[in-house]
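Work through the exercises below with the sequence and the 3D view at hand. Each task is followed by a stepwise solution.

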Amino acid sequence: MNKQNIIHRVGIVDDTRCELHIQTPEHQESPERIRAIRQKLKSTGLYDKLVLIEPIDPTKDELMLVHSIKYINKVVRVCTKYGKAMID
């Protein structure tokens, strides 16, 4: 296959559940930020060019690709004890 014929696509993980991630007012993540990013991508026509990736519940092995086992165990402990909790 000729390398010039390869088409590269960009993916995005997007789900309305992302808007449920609510932090303290001074934290940069917010439902408004998610909606603003989504709206900007749509208004510029970029959203329709992206590959939509459905979110999944990762396995522990998948989490360990990007997080330490110490952090994963902390999240499990805190969520088991308190349900939803602010960790970061």
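The model is predicted.

**Exercise 1.** Locate D15, classify it as buried or exposed, and list what its side chain and its other atoms meet.

Solution. 
- Step 1: D15 sits in the loop that links strand 1 (11-13) to helix 1 (31-43).
- Step 2: The relative accessible area of D15 is 16%. Buried means under 20%, so D15 is buried.
- Step 3: The D15 side chain reaches the backbone nitrogen of R17 at 2.8 Å.
- Step 4: Leaving aside residues up to four places away in sequence, D15 touches R38 and P55.

**Exercise 2.** Which element holds K60, and which residues does K60 touch beyond four places in sequence?

Solution. 
- Step 1: K60 belongs to helix 2 (residues 60-63).
- Step 2: With a relative accessible area of 44%, K60 lies between the limits of 20% and 50%, and is therefore partly exposed.
- Step 3: Not counting residues up to four places away in sequence, K60 touches I69, I72 and N73.
- Step 4: For one of these, I72, the separation from K60 is twelve residues in sequence and 8.1 Å in space, C-alpha to C-alpha.

Methods:
Residues numbered from 1 in each chain as written. Predicted model: local features only at pLDDT ≥ 70, side-chain atom pairs only at ≥ 80, totals over all residues. Heavy atoms only, no water. Helix = DSSP H or I, 4+ residues; strand = E, 2+ residues; numbered from the N terminus. Buried < 20%, exposed > 50% of the residue type's maximum accessible area, 1.4 Å probe, protein only. Polar contact = N/O pair within 3.5 Å; in protein donor to acceptor, adjacent residues only side chain to side chain. Contact = heavy atoms within 4.5 Å.
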